[in-house]
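Please walk through this model with me, one site at a time. Keep the structure open as you read.

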Amino acid sequence: MTALEIADIIGIICFALSGFLIAVHYKLDILGVFISSFLTALGGGMIRDVLADRTPYVFTTNLPVILVVATVVIALLFKLHKIDDLEGKTAFIISDAIGLVSFSITGSIVAIQNEFNFLGVLILAFLTAVGGGTIRDILINRVPSILVSEFYATVALIIATIIFVLEIFHLRNLPILTLVFIFGVALRLLAYYRNWHLPTLSKE
């Protein structure tokens, strides 16, 4: 199994859980829960594949759909929907961070495989990481995370930059990508708990 496949699987599972928790928080019905989970887990990857002129991964294999359905069913079996304020708990934050970093990595790898330049790698990593969640948020009339958590999308851009540099020096391999993954998740969690934000423009 390649690094791309591993990162994709991890990202799908974690973002499916993230989508489930968001749906529960907004009291969506069971169809809404599945739609939220599918959009969050697969939306970014579909955008990535279309931009890379590839048939979307979800259309060529059943694994992504199975992973999303299994994640939602397991979450229901463990009755996660009955836990109060689940969106603000550690499980959600970690799941979302892992999904963000995993999809940042897959977007970067696909862009590099298609010989995109640095800007292309940044954009594809960004859209893969936040695309599905943004579509979901717009659908349920929620302000997208990238607009209210400024160091959210920034993590995707940092990961993309690191992977692009690794590719230049021919250092992109599974062990190093694993370290990049750990770094990315740690950075996102640190930014969340320290409430980091990018500078804002002011008239003063």
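D53 counts as exposed because its relative accessibility is 74%, over the 50% cut-off. This model is predicted, so that value, like the others here, is computed from predicted coordinates. D53 sits in the loop between helix 2 and helix 3. Its backbone deserves a look too. D53 is not a glycine, yet its phi is positive, at about 60 degrees.

E115 is found between helix 5 and helix 6. Its phi is near 60 degrees, a positive value in a residue other than glycine. Is E115 buried or exposed? At 73% relative accessibility, E115 counts as exposed.

Now turn to the helices. The UniProt record, an unreviewed entry, places the feature "transmembrane region" at several spans, including residues 31-51 and 118-139. How much of each span is helix in the model? Residues 31-51 are 100% helix and 0% strand. The end C-alpha atoms of residues 31-51 lie 29 Å apart. Residues 118-139 are also 100% helix and 0% strand, and here the end C-alpha atoms are 31 Å apart.

UniProt places "domain: Glycine transporter" at residues 6-78 and 94-166. In the model, residues 6-78 are 84% helix and 0% strand. The end C-alpha atoms of that span are 25 Å apart.

T40 is buried because its relative accessible area is 1%, under the 20% cut-off. What do the polar atoms of its side chain reach? Another is R136: a polar contact of 3.1 Å joins the side chains of T40 and R136. Beyond four places in sequence, T40 touches F15, S18, G19, F103, G132, G133 and R136.

Helix 6, residues 118-139, holds the next site, G131. Its relative accessibility is 8%, so G131 counts as buried. Which residues does G131 touch, leaving out those up to four places away in sequence? They are G44, I47 and F126. G131 and D96 are 35 residues apart along the chain, and their C-alpha atoms are separated by 13 Å.

S108 lies in helix 5, residues 90-113. With 0% relative accessibility, S108 counts as buried. The side chain of S108 reaches the backbone oxygen of S104 at 2.8 Å. Leaving out residues up to four places away in sequence, S108 touches V121, A125, A160 and I163.

So much for single residues. Now look for empty space. Rolling a probe the size of a water molecule over the atoms shows where it is left. How many cavities of 30 Å³ or more does a search of the whole structure find? It finds one. About 80 Å³ of space lies in the largest cavity.

Which helices supply at least two residues each to the lining of the largest cavity? They are helix 1 (3-25), helix 2 (30-51) and helix 3 (57-60). Helix 2 gives the most, with six residues. The lining of the largest cavity consists of D8, I12, A41, L42, G45, M46, R48, D49, P56, Y57, V58 and F103. By class, that lining has eight nonpolar residues, one polar and three charged.

Finish at the second largest pocket. Its volume is about 150 Å³. Helix 1, helix 5 and helix 9 (174-193) each supply at least two residues of its lining. A3, I6, A7, I10, S102, I105, I109, L174, L177, T178 and F181 line the second largest pocket. What is the class make-up of this lining? Nine residues are nonpolar, two are polar and none is charged.

How values were computed:
Residues numbered from 1 in each chain as written. Predicted model: local features only at pLDDT ≥ 70, side-chain atom pairs only at ≥ 80, totals over all residues. Heavy atoms only, no water. 1 Å grid on protein atoms, 1.4 Å probe; cavity = no way out; pocket = protein on both sides within 12 Å on 5 of 7 lines; lining within 4 Å. Points joined across faces, edges and corners; volume = space filled by probe spheres on them. Helix = DSSP H or I, 4+ residues; strand = E, 2+ residues; numbered from the N terminus. Nonpolar A, V, L, I, M, F, W, Y, C, P; charged D, E, K, R; others polar. Buried < 20%, exposed > 50% of the residue type's maximum accessible area, 1.4 Å probe, protein only. Polar contact = N/O pair within 3.5 Å; in protein donor to acceptor, adjacent residues only side chain to side chain. Contact = heavy atoms within 4.5 Å. UniProt positions renumbered as here; feature names shortened; annotations may be inferred.
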